[in-house]
Amino acid sequence: MRAQNKQKGFTLLEVLVAVLVFSFGMLGIAGMMTISVKNNHNGYLRSQASFMVENMMDRMRANPVGLWNNAYAGVAAQGSAECDLANPCNFQQLATYDMQAWADSLQTALPAGTGTIACVANNPLPVGLGVASPPSIWSPVPPYDGVCTITVTWNESNRNSATDQQTMTLVGQP
């Protein structure tokens with residue numbers, strides 16, 4: 001009787017082909033992972049920009065005298081203003097402090113982050129007020145009758161490992 005020689009297992013060539021196919025698959029997954037990480041980081045930056053815009057709108061709502069007196073207009077710039085118990089601020093100084101704190105936050109949270117604010121009042125202050133003065137129980141400051149445009153710009157990675165400037169704009173009534 002003749003012994004039949006049945007092959008069991010894989011040949012070296014089959015193993016090499018399987019490793020090659022597996023390697024190409026892993027390279028594709030690695031490429032997708034780098035794109036995924038970049039897109040995830042860009043989404044994080046957009047979330048931070050959204051938070052920064054809303055934060056400034058809240059600061060403006062909290063200081064209506066500074067808002068009516070146009071103290072929030074312009075480009076946010078870093079500085080050294082302080083408002084605390086040892087150094088109390090008036091409404092104008094509080095607006096300056098808010099703008100500086102916002103500029104610091106933009107620089108910290110966003111690459112090349114900058115912010116600008118432009119407000120347009122629909123109507124001037126009611127007759128007799130002229131300039132918004134500190135509120136009292138007898139003469140509160142009316143709500144701001146206008147809209148403000150808050151714009152934040154920053155740099156974000158693109159597909160070519162370069163950067164694109166991104167902009168987020170919020171138009172609202174503080």
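Asn 70 is partly exposed, with a relative accessible area of 45%, where buried stands for under 20%, exposed for over 50% and partly exposed for values in between, using a 1.4 Å probe and protein chains only. Asn 70 belongs to the loop between H2 and strand E1 (74–75), and its phi is near 65°, a positive value in a residue other than glycine. Helices (H or I, at least four residues) and strands (E, at least two) are DSSP runs numbered from the N terminus.

Ala 112, in the loop between H3 and E2, likewise has a positive phi, near 55°, although this residue is not glycine. Its relative accessibility is 45%, so Ala 112 counts as partly exposed.

## Basis of the model

This is a predicted model, in which local features need pLDDT of at least 70 and side-chain atom pairs count only at pLDDT 80 or more, while totals for chains, interfaces and linings use all residues. Residues are numbered from 1 along each chain as its sequence is written, and side-chain values use heavy atoms, with hydrogens and water left out.

## Overall architecture

The protein contains three helices and four strands, which follow the order α-α-β-α-β-β-β from the N terminus on. Of its 174 residues, 26% count as buried. Among contacts (heavy atoms within 4.5 Å) with a separation of 6 or more, 67% are made by residues 24 or more positions apart.

Strands E1 and E2 pair in the antiparallel sense over two bridges, pairing here requiring that DSSP finds at least two bridges between the strands. Val 75 has Thr 116 of E2 as its bridge partner. The antiparallel pairing of E2 with E3 runs over eight bridges, and Ala 121 is partnered there with Gly 146 of E3.

## The nonpolar core and a buried loop residue

The largest nonpolar core has 28 residues, of which Met 60, Trp 102 and Ile 117 touch the most other members; such a core is a set of buried Ala, Val, Leu, Ile, Met, Phe, Trp, Tyr and Cys residues joined through side-chain atoms within 4.5 Å. At least two core residues come from each of helix H1 (12–62), helix H2 (64–68), helix H3 (91–109), strand E2 (114–121) and strand E3 (146–157), with H1 giving the most, seven residues. Apart from residues up to four places away in sequence, Ile 117 touches Met 56, Met 60, Tyr 72, Ala 73, Gly 74, Met 99, Trp 102, Thr 149 and Ile 150.

Asn 63, in the loop between H1 and H2, counts as buried because its relative accessibility is 1%. When neighbours within four places in sequence are left aside, Asn 63 is in contact with Tyr 72, Phe 91, Leu 94 and Ala 95.

Phe 22, Met 26, Ile 29, Met 32 and Met 33 make a nonpolar surface patch of about 550 Å². Patch residues have over 30% relative accessible area and no salt bridge, and nonpolar side chains (Val, Leu, Ile, Met, Phe, Trp, Tyr) are joined within 5 Å, like charges within 9 Å; a salt bridge places a side-chain nitrogen of Lys or Arg within 4 Å of a carboxyl oxygen of Asp or Glu. Met 26 lies in helix H1 and is partly exposed, with a relative accessible area of 42%.

Definitions and conventions. Areas by Shrake-Rupley, 256 points an atom, 1.4 Å probe, with all protein chains shown as cover.
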